[in-house]
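Subject: Structure for your review

Dear colleague,

Please find below the structure I promised to hand over. My notes on it follow directly after.

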Amino acid sequence: MSARTLTVDGKQISAEKGASVLQAATEAGIKIPTLCHLEGVYDVGACRLCLVEVKGVNKLLPACTTRVAEGMEVSTNSERLNKYRRMTLELLFAERNHVCAVCVANGHCELQTLAYSLGMDHVRYDYIFPKWDVDNTHRLFGMDHNRCILCTRCVRSCWHIEGAGTKNVAGRGTKSKIITDLNQPWGDSESCTECGKCVMSCPTGALFKKGSAVGESVRDRDKLEFIVNAREKKQWNA
Amino acid sequence: MAKRIVIDPVTRIEGHAKISIFMDDAGNVADAEFHVVEFRGFEKFCEGRPYSEMPGITQRICGICPVSHTLASAKAGDAIMAVNIPPAADKLRRLLNLGQMIQSHALSFFHLSAPDFLLGWDTPPASRNVFGIIAANKELARAGIRLRQFGQEIIEILGGKKIHPAWAVPGGVRSSLSEEGRAKIRAWLPEAFATTKVAFDLWKKTMKTHGREIQIFGNFPSLFMGLVAPDGTWEHHGGKLRFTDSSGSILADQIDPANYKDYIGEAVQNTSYLKSPYYLPLGFPEGIYRVGPLARLNIAEQMGVPQADEELKKFKKLGRGAVTSSFLYHYARLIEILASLEYVERYLADPELSSDYLRADAGINSLHGVGASEAPRGTLFHDYTVDRDGLLQKVNLIVATGQNNLAMNQTVAQIARHYVRGNDIPEAMLNRVEHGIRCYDPCLSCSTHAVGQMPLHVQMIALDGRVLDEKMRG
């Protein structure tokens, strides 16, 4: 396999052809903030937190869906990037009802952790305070749309790891929402296998095990990566 | 001519409130009202949330007594799951509630109320506070603050943090008592007992010099309500409801808290966000009852622990039948601190508190659940109705301060009647009226399900609305 050589934050690194800038940077020990990226499923560039600057390109590019190229010069950390990342985060918070103190994911939430690490001490935009429901119809799991950031991790793990295709996205703009089957209550879904991979993949408290109290949603993401690796690398084949 | 005196806001209580005193044409006090001027709406915005999140949400009602709400909420959750929680979980919840009793009562006694009766009613407001106590008696202030800290430490040791611990859950609790935690509490207990003894000595002296306050600070017949054990022993997190009257007779006993609506009515007044609960069989307002330390000691036959039992005997001698002076809430509070310390000591010797069987598991087995627990200020009810998916359809919270609403009105009227003569607002009256309210240690954040802090604004208003006299301070 041919390699590509590029510069990330002034550091010369090499990566396999076809690798994403995010993969290349991560392998070189350079950390780029992410939210919709999940090891084990393909990337969609939904959250815009991994935006990077590439020399010669005017617009900012998402590191997760941008492929490495020979001689590429990438910058992952600049005032401009931090400004946009922080803005993106604030917009995420303003768009739905994120109340960390009473959330099942408090202390284990990727959105909360990112907000802390990027120094988000307030939100400059008016909160929309939309009225979203909680779907608690499933026997084992619940979905609180108030806490959903539409990263689509659940959709991708449902389709591409479990292969059930239960989760989907409906609607447009701020009215977009994660649905089950044909926008039915989750408990009525015929395709759901109750595997819980969507719950494991959720970065916030939007998907949770029923009965969870504040701070109880601790995700086991390694399990998803383990399943994907085992399948792709044929570790289960005798 | 007829007029109205308004004290707004009232200080050194937990929340925003004002007092109106209505005068008749002859310049005598006709009536008084304690208004809570905050509105929060917890009961409404909890609708639609899963019941399992409620212990976390409802404890945000208050920073002083989050434990009371989280426990009552978890209990309501137990009822929705229709489970018996593991015995160790029940003991651990009780230990948490004892920590809460200790910290809240210590706060009420040392920080909020003692400045009045230790420094004197007429000490200027600027120094009639906990800082005044620090200036007058550093050791006493320190000991009081440390006693509160002890209660808070128990809460932190069990729940992971002092305020808003995410620990009690429907079905049980999330973790047991660690060995380090047990050792820390054990090492601190002697100091807590010693401080309580100092407080008792101080209180005994105060009672000797405050005969008049005992007589006029909310000294009237009323009913008393609280939880008691089946044998009539003092309860704080379990047991059943008992109502007694001021002669000490039991009117109703061993009532399942889930049936509270058969015994408690809630009247709404258009002058306050605080509802006025009353004993239904006697009607409104005759069914006035008091809750909290004074009520719990009046309804209990014994405390169940030796030192506090000795004090209870002395306490009971202060009344014929029931002890009816609200000034003696302070005494009752000290006895409850002592009892709590003795129960904590007892729990420390119980190996079951280290058990890892702490949580019962179940789905929705009842669409309705009531959780009742004794908060420091009195009996707290959380009443939830859920749909079949466990989402809340209706939330009703009945908190201690609300239940004392009618009694607080009477207390204010009684004190004002004693001190108000003519058209002026006597400063001495203001201080004492405020203290009359403080006896109940009201928590308005809880009772209106709000937070706040306040200077003092008093207006004397004629019935036609003209302001006749006005004083501001703070």
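In chain B, strand β6 (residues 223–228) runs antiparallel to strand β7 (residues 240–244), and 5 bridges join the two. Within this pair, B:Phe224 stands opposite B:Thr244 of β7(B). Please bear in mind throughout that this is a predicted model.

Strand β7(B) also has a partner in strand β8 (residues 250–255) of chain B, with which it pairs in the antiparallel sense over 3 bridges. As for burial, β7(B) is mostly covered, with 4 of its 5 residues buried.

- Strand β12 (residues 368–375) and strand β13 (residues 378–386) of chain B pair in the antiparallel sense, and 8 bridges are found between them. A hairpin of 2 residues joins β12(B) to β13(B), and B:Ala375 stands opposite B:Gly378 of β13(B).
- Strand β13(B) runs antiparallel to strand β14 (residues 392–398) of chain B as well, joined to it by 6 bridges. B:Val386 has B:Leu392 in β14(B) as its bridge partner. The hairpin of β13(B) and β14(B) has 5 residues between the strands, with B:Gly390 at a positive phi near 85°.
- Strand β13(B) is mostly covered: of its 9 residues, 8 are buried.

Turning to chain B as a whole, the chain contains 15 helices and 16 strands. Of its 474 residues, 55% are buried. Helix α11 (residues 329–348) of chain B is mostly covered, with 16 of its 20 residues buried. The contact between them takes 12 residues from domain 1 of chain A and 17 residues from domain 2 of chain A. On the side of domain 1 that touches domain 2, the residues divide into 10 nonpolar, 1 polar and 1 charged.

Chain A also holds an open sheet of 5 strands with mixed pairing, in the order β2-β1-β5-β3-β4. Strands β2 (11–16) and β4 (61–62) of chain A stand at the edges with a single partner strand each, so one side of each is left without a neighbour in the sheet. Elsewhere in the sheet order, strand β1 (residues 3–8) and strand β5 (residues 73–75) of chain A run parallel and are joined by 2 bridges. A:Val8 stands opposite A:Val74 in β5(A).

A further strand pair of chain A is formed by β8 (residues 167–170) and β9 (residues 177–180), antiparallel over 4 bridges. A:Val169 stands opposite A:Ile178 in β9(A). The hairpin of β8(A) and β9(A) has 6 residues between the strands, and A:Gly171 in the turn has a positive phi of about 80°.

Where the two chains meet, 14 residues of chain B are in contact with 13 residues of chain A. Helix α2 (residues 54–58) of chain B gives the most to the side of chain B that touches chain A, namely 3 residues. That side of chain B divides into 6 nonpolar, 4 polar and 4 charged residues.

Finally, a word on confidence. The predictor gives the complex an ipTM of 0.88 and a pTM of 0.89. Chain B averages a pLDDT of 88, and 89% of the residues score at least 70. Over residues 448–456 of chain B, however, the pLDDT is below 50, although this stretch has 35 contacts in the model beyond near neighbours in sequence. Where pLDDT is low, the predicted coordinates should not be read in detail.

With kind regards

Methods
Residues numbered from 1 in each chain as written. Chains lettered and ligands numbered in written order. Predicted model: local features only at pLDDT ≥ 70, side-chain atom pairs only at ≥ 80, totals over all residues. Contact = placed C-beta atoms within 7 Å. Nonpolar A, V, L, I, M, F, W, Y, C, P; charged D, E, K, R; others polar. Buried ≥ 20, exposed ≤ 12 C-beta atoms within 10 Å, placed from the backbone. Pairing = 2+ DSSP bridges. pLDDT = per-residue confidence, 0-100.
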